[in-house]
Amino acid sequence: MTNFEYMSVQQIVQSEQFPFSLGQVRNFLVMRHKNGLAAAVRKIGRRLYLRRDLFEQWIESQSQSSRGGRP
């Protein structure tokens with residue numbers, strides 16, 4: 001069994017590892033079906049959680065796509 005780490009929106013905003021504001025994270029989540037973030041999101045009840053490893057991969061894919069896929 002694999003252990004995944006899930007983070008709430010507040011944990012992401014408060015984390016020093018991620019440079020995102022609350023508004024930015026909320027926008028990412030609202031647009032998750034269009035921006036590709038949906039794979040990292042888990043909805044439990046009314047709350048949304050992000051799987052940390054998939055969220056970090058998504059961030060890296062955004063920086064690669066903004067450069068046109070070039071290293």
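Start by selecting Phe-18, which you'll find in the loop between α1 and α2. This is a predicted model, so treat each stop as part of a prediction. Is Phe-18 buried or exposed? Phe-18 is buried, because its relative accessibility is 6% and the cut-off for buried is under 20%.

Now show what surrounds Phe-18. Leaving out residues up to four places away in sequence, Phe-18 touches Met-7, Ile-12, Arg-52, Phe-55, Glu-56 and Ile-59. Pick Ile-59 from that group and draw a distance between the two C-alpha atoms: Phe-18 and Ile-59 are 9.7 Å apart in space, though 41 residues separate them in sequence.

How many aromatic pairs does a search of the whole structure find? The count is five.

Zoom in on one of them, Phe-20 with Phe-28. Their ring centres are 5.2 Å apart and the planes meet at 85 degrees, so this pair is edge-to-face; the cut-off for that label is over 60 degrees. Phe-20 is buried, at 17% relative accessibility, and Phe-28 is buried with a relative accessible area of 17%.

Phe-28 belongs to helix α2 and Trp-58 to helix α4 (residues 52-66), so the pair ties together parts that are 30 residues apart in sequence. Trp-58 counts as buried too, at 8% relative accessibility.

For a ring with a charge over it, select Phe-4 and Arg-51. The charged end of Arg-51 sits over the Phe-4 ring, 3.6 Å from the ring's centre.

Next, jump to Ser-8, in strand β1 (residues 6-8). Ser-8 counts as buried, with 18% relative accessibility. Setting aside neighbours within four places in sequence, Ser-8 is in contact with Leu-48 and Tyr-49.

How much space lies in the largest pocket? About 260 Å³.

Then colour by element instead. At least two lining residues come from each of α1 (9-14), α2 (22-30) and β3 (47-51). Which of the elements gives the largest share of the lining? That's β3, with three residues.

Finally, zoom out and switch to a cartoon view. The protein has four helices and three strands. Follow the chain from the N terminus and the elements run β-α-α-α-β-β-α. Of the 71 residues, 28% count as buried. One last thing to look for is how the chain meets itself: among contacts with a separation of 6 or more, 40% are between residues 24 or more positions apart.

How values were computed. Residues numbered from 1 in each chain as written. Predicted model: local features only at pLDDT ≥ 70, side-chain atom pairs only at ≥ 80, totals over all residues. Heavy atoms only, no water. 1 Å grid on protein atoms, 1.4 Å probe; cavity = no way out; pocket = protein on both sides within 12 Å on 5 of 7 lines; lining within 4 Å. Points joined across faces, edges and corners; volume = space filled by probe spheres on them. Phe/Tyr/Trp six-rings, centres within 6.5 Å; stacked < 30°, edge-to-face > 60°. Buried < 20%, exposed > 50% of the residue type's maximum accessible area, 1.4 Å probe, protein only. Lys NZ or Arg CZ within 6 Å of the ring centre and 35° of its normal. Contact = heavy atoms within 4.5 Å.
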